[in-house]
Amino acid sequence: MVSSKFFSFSILLLSTTLLYVTEAQESLPKTMLLYLQETVKGPNATVSPIIGLTGKDWSFHQFGTVFAVDDPVMVSPNQFSSVVGRAQGLLVVSAQDGANMFVSLSIVFTNLQYSGSSIEIQGVSRQSEKYRELSIVSGTGKFRFVKGYAAFQTTFYDAQTSHSTISLTLTFQ
């Protein structure tokens with residue numbers, strides 16, 4: 001009697017675990033193409049310096065400058081397209097010569113399909129390169145435990161308004 005209860009409990013536990021794993025690994029696309037709309041100056045700035053070295057200009061090329069980011073994430077490069085989330089995090093100019101920036105960024109989804117889920121991106125971005133690749137280190141919700149890489153590419157830059165459009169290709173493994 002005890003062994004049959006144990007057997008029944010074991011089967012229940014196994015089936016619950018398999019159901020959970022199946023739901024957690026809902027089929028995700030192999031790649032996603034999104035666009036960040038980034039503004040550095042003005043009242044609607046989405047990137048802002050928050051601290052830096054005393055006596056130095058806080059800029060994208062000054063070692064030690066830390067920036068907060070809150071860029072809208074969109075489905076197309078058009079700055080009026082649908083917003084599907086926010087790219088929120090920190091940028092730190094981490095190279096003494098100002099060439100590299102450490103990036104810790106969360107892509108926080110607000111659209112219906114992935115609402116409440118996020119993708120965590122981290123790594124060193126070489127600022128002078130048009131194409132930059134960083135690691136996808138994890139995620140939450142529908143992206144729980146995801147791994148892969150994120151390719152950032154500046155597709156548009158307007159020096160007068162300090163506005164950029166950055167394509168973000170997420171490749172999952």
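**Group meeting: a salt bridge, an aspartate and a pocket**

Hi everyone. Let's start with a pair of side chains: Arg86 and Asp70 form a salt bridge, with their closest N and O atoms 3.0 Å apart. Arg86 sits in strand S4, residues 83-93, and Asp70 in strand S3, so this pair ties together parts that are 16 residues apart in sequence. Please keep in mind that we are looking at a predicted model.

How exposed are the two partners? Arg86 is partly exposed, at a relative accessible area of 28%, and Asp70 is partly exposed too, at 31%. And how many salt bridges does a search of the whole structure find? One.

Now to Asp71, also a residue of strand S3. Asp71 is buried, yet has no salt bridge. The nearest side chain of opposite charge belongs to Arg86, 6.6 Å away; a salt bridge has to be within 4 Å. What Asp71 does have is a polar contact of 2.6 Å, side chain to side chain, with Thr46.

Last stop, the largest pocket, which holds about 610 Å³ of space. Its lining has 23 residues, and those closest to the centre are Glu38, Phe60, Arg132, Thr154 and Ile166. Which strands supply at least two residues each to that lining? They are S1 (31-39), S3 (66-74), S5 (100-109), S7 (131-140), S8 (148-158) and S9 (163-172).

How values were computed:
Residues are numbered from 1 along each chain as its sequence is written. This is a predicted model: local features need pLDDT of at least 70, side-chain atom pairs count only at pLDDT 80 or more; totals for chains, interfaces and linings use all residues. Side-chain values use heavy atoms; hydrogens and water are left out. On a 1 Å grid over the protein atoms alone, a cavity is a set of points where a 1.4 Å probe fits but cannot get out, and a pocket is an open set with protein on both sides within 12 Å along at least five of seven lines; lining residues have an atom within 4 Å of a point. Grid points are joined across faces, edges and corners, and a volume is the space filled by probe spheres set on the points. Helices (H or I, at least four residues) and strands (E, at least two) are DSSP runs, numbered from the N terminus. Buried means under 20% relative accessible area, exposed over 50%, partly exposed in between (1.4 Å probe, protein chains only). Lys and Arg count as positive and Asp and Glu as negative; His and the chain ends are not counted. A polar contact is a pair of N or O atoms within 3.5 Å; within protein, one must be able to donate a hydrogen and the other to accept it, and residues adjacent in sequence count only if both atoms are side-chain atoms.
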